[in-house]
Amino acid sequence: MLKPLKDRVVIQMVEQEEKTAGGLFLPTTAQEKLQFAKVIATSEFTAAEDRQVAVGDKVVFEKYSGTEVKLDGQEYIIVKEKDIIAIVE
């Protein structure tokens, strides 16, 4: 498992639905790649009261941020917590 350091957070992309709210299926070329991910791990170096995200949160993050890592066949992105711009509730 990845253990982030300092102010880093490990996230994993969330699959996007391939159809519209009206039920129409979108071809891959028409789908915009949204930056939704699930928080997999947070740094233990950031004090809990200062941390804004928690493991399991679904988040939106800056489009060109982070470092992609592949471990045991899974793809992860390590981002700074400041690059997470919203929590999806």
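Me: How many aromatic pairs does a search of the whole structure find?

Reply: Rings of Phe, Tyr and Trp (its six-membered ring) pair if their centres lie within 6.5 Å; planes under 30 degrees apart are stacked, over 60 edge-to-face, and the rest tilted. Here the search of the whole structure finds zero. This is a predicted model, where local features need pLDDT of at least 70, side-chain atom pairs count only at pLDDT 80 or more, and totals for chains, interfaces and linings use all residues. Residues are numbered from 1 along each chain as its sequence is written, and side-chain values use heavy atoms, leaving out hydrogens and water.

Me: Which residue lies over the face of Phe-36?

Reply: A charge sits over a ring if NZ of Lys or CZ of Arg is within 6 Å of the ring centre and within 35 degrees of the ring normal. In this model Lys-58 lies over the face of Phe-36, 5.1 Å from the ring centre.

Me: Where is Asp-72 placed?

Reply: Strands (E, at least two residues) and helices (H or I, at least four) are DSSP runs, numbered from the N terminus. Asp-72 is in the loop between β4 (67-71) and β5 (74-80). Its phi is positive, about 55°, although Asp-72 is not a glycine.

Me: Is Thr-42 buried or exposed?

Reply: Buried means under 20% relative accessible area, exposed over 50%, and partly exposed in between (1.4 Å probe, protein chains only). Thr-42, in strand β2 (residues 36-42), has 19% and is therefore buried. Asp-72, at 74%, counts as exposed.
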